[in-house]
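Biologist: I would like to go through this entry feature by feature. Please give the general idea where there is one, then the case at hand.

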Amino acid sequence: MGNDLFFESWGRFPKVSHLGMFAPQCVDKINDLIQSSDSLILPRGLGRSYGDSCLNEDGYLLSTKWLNKFYAFDENTGILKCEAGVTLDEILQTFVPRGWFLPVTPGTKFVTVGGAIANDIHGKNHHTAGTFGNQVIRFELLRSDGTRLLCSRETNPDWFKTTIGGLGLTGVITWAELPLKPIKGPYIEMESIKFNNLNEFFSISRESATDYKYIVSWLDCINSADIRGIFMRGNHSNTTETDASKISHSVSSWKTFPVDAPSFLLSAATVKLFNMLYYHKQIKKHEKKIVHYDPFFYPLDGINHWNRMYGNRGFLQWQGVVPFTEENEAIRTILSEIIKSGLSSFLVVLKEFGSIPPCGMLSFPMPGITLAVDFPNVGGRLFSLFDRLDKVVINSGGRLYPAKDARMAPETFQSSYPDFENFKKYIDPRFSSSFYRRIRGENNG
Ligand SMILES: Cc1cc2nc3c(=O)[nH]c(=O)nc-3n(C[C@H](O)[C@H](O)[C@H](O)COP(=O)(O)OP(=O)(O)OC[C@H]3O[C@@H](n4cnc5c(N)ncnc54)[C@H](O)[C@@H]3O)c2cc1C
């Protein structure tokens, strides 16, 4: 453990000083470390959250990096029991060759099981599977008073639903049990369809919801008056390794973004050019191909540390969800505010969430349309754009995603997560985070 440590989250904003990071070698050591610490603690996975939900200014982080053991796997049911610091990448590497896949995965495989539960993450199959928490069978929660609670839908159900989506504040998840899904091989039958406006997006999305397990869209919202983009949908393929010779398979294209990028890379002109090239990369309106799961689910993981592309000031992601309405006015307003702002983004992702309710008290997903947008941290202009977007979300009855947030106001969080008051009763008194202190509306304690 070091002293006066600066830790960043994935967005590299904010950068905050910590007293140190504990990295217990096994579950039995966690309680001693908590007892010996002279400040508040927060569990930490791989720090793949964008804002301050995985930071704990002036306190300690408790890394789960050594809690990385598989305990048991049942070949008949696919049920895996593993420690909370096991990463989705480790699960894929071990179990895809044996014919099993994750029930839900986010857009990066470099997250831990504990982090996936604590943010109740969602994936491209939200419309068919719900959230990660919806899959979890049970887990153990270790509280700072030494209590070890077995949590499931039947046992300690309150702790189950406050810890799923509970942002690491209810205690440390030590292990979890989740069902992997059988697959025939590592490939995805993927289709990509270009669309030229939002109505077209909605019609493709509706038509895809029943027949495609995975859906997501990339948007170019700075090169056209309306919104254009590429809709991607897919299913697991029955193709196996043996008949896979013609399949695109770019798993090991590991490159590292070497240093903080020069600012011209982030100029509006460069982003506009990137978006135009990306949109025109696909020539035909509708393409079908079979691809390896890795580039389909994790296109950004191919470049290690791509977050350095945004330079030392970092970047912010804004992700909100708004409920469906007849005209879907809120999402149109949000997109037009982004276009009007003149701020440019390499990554704009749009997806419809399905209606399976999440089981976490503070889970983010709800039926509606979710938009995620990355922007370099250019300061005031960006923050005031985000404030305008927040208002549209709140007025429409939607909410923002804590895992992606570094700046929402306390009122924004509290009005859109009405169970927050009830949730507070479950917070471990020795645990806290920078995010929690911010959205609670206080800066210390
Ligand atoms: C490129 C990229 C794409 C992404 N795509 C998606 C997406 O499609 N969908 C989505 O939902 N999210 C997405 N995310 C966000 C990411 O999935 C979440 O932030 C995830 O929770 C990060 O996991 P982590 O292990 O890095 O946890 P951290 O970021 O380190 O921590 C996340 C939270 O979990 C808590 N925590 C961690 N371990 C434990 C534990 N053992 N016990 C209790 N609490 C714990 C922490 O205190 C913190 O509150 C993406 C992130 C990136 C970088």
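Biologist: Which atom of the ligand lies 3.1 Å from a backbone N or O atom of serine 53?

Modeller: Keep in mind that this is a predicted model. The atom is an oxygen of the ligand, and the distance to the backbone N or O atom of serine 53 is 3.1 Å. A polar backbone atom of glycine 107 lies 3.1 Å from a nitrogen atom of the ligand.

Biologist: How much of the ligand does the protein bury?

Modeller: The ligand taken alone exposes 970 Å², and the protein buries 96% of that. Strand S4, helix H3 (113-118) and strand S11 (172-179) are the elements that each give two or more residues to the shell.

Biologist: How many residues surround the ligand, and which are the closest?

Modeller: There are 34 residues around the ligand, and the closest are Pro43, Ser49, Thr112, His122 and Tyr401. Sorted by class, the shell holds 17 nonpolar, 14 polar and three charged residues.

Biologist: Which peptide bond is cis?

Modeller: The bond from phenylalanine 13 to proline 14 is cis, with omega near -5°. Proline 14 belongs to the loop between strand S1 (5-7) and strand S2 (16-18).

Biologist: Now the strands. In what order do S3, S4 and S5 stand in their sheet?

Modeller: The three strands form an open sheet in the order S3-S5-S4, with parallel pairing. Strand S3 (20-22) and strand S4 (41-44) are the edge strands, each pairing on one side only. From one strand to the next the twist averages 30°. S3 and strand S5 (residues 60-63) run parallel and are joined by three bridges.

Biologist: Do S6 and S7 pair in the parallel or the antiparallel sense, and over how many bridges?

Modeller: S6 and S7 pair in the antiparallel sense over three bridges. Alanine 72 stands opposite lysine 81 in S7. Their hairpin has five residues between the strands, and glycine 78 takes a positive phi near 80° there.

Biologist: Which way do S7 and S11 run when joined by their five bridges?

Modeller: S7 and S11 run antiparallel across those five bridges. Here glutamate 83 is the residue opposite tryptophan 175 in S11. S11 has already been mentioned as an element that gives two or more residues to the ligand shell.

Biologist: How many salt bridges does a search of the whole structure find?

Modeller: Side chains of opposite charge can pair when their charged atoms come close. The search finds 22 salt bridges. One example joins the side chains of arginine 98 and glutamate 75, at 2.6 Å from N to O. Arginine 98 lies in the loop between helix H2 (88-95) and strand S8 (100-101), and glutamate 75 in the loop between strand S6 (70-73) and strand S7 (79-83), so this pair ties together parts that are 23 residues apart in sequence.

Terms used: Residues are numbered from 1 along each chain as its sequence is written. This is a predicted model: local features need pLDDT of at least 70, side-chain atom pairs count only at pLDDT 80 or more; totals for chains, interfaces and linings use all residues. Side-chain values use heavy atoms; hydrogens and water are left out. Two strands pair if DSSP finds at least two bridges between them. Helices (H or I, at least four residues) and strands (E, at least two) are DSSP runs, numbered from the N terminus. Axes are lines fitted to C-alpha atoms, for helices over the stretch in contact, and angles run from 0 to 180 degrees between N-to-C directions. A residue is near a molecule or strand if one of its heavy atoms lies within 4 Å of it. A polar contact is a pair of N or O atoms within 3.5 Å; within protein, one must be able to donate a hydrogen and the other to accept it, and residues adjacent in sequence count only if both atoms are side-chain atoms. Accessible areas come from the Shrake-Rupley method with a 1.4 Å probe; for residues, only the protein chains shown count as cover. Ala, Val, Leu, Ile, Met, Phe, Trp, Tyr, Cys and Pro count as nonpolar, Asp, Glu, Lys and Arg as charged, and the others, Gly among them, as polar. A salt bridge is a side-chain nitrogen of Lys or Arg within 4 Å of a carboxyl oxygen of Asp or Glu.
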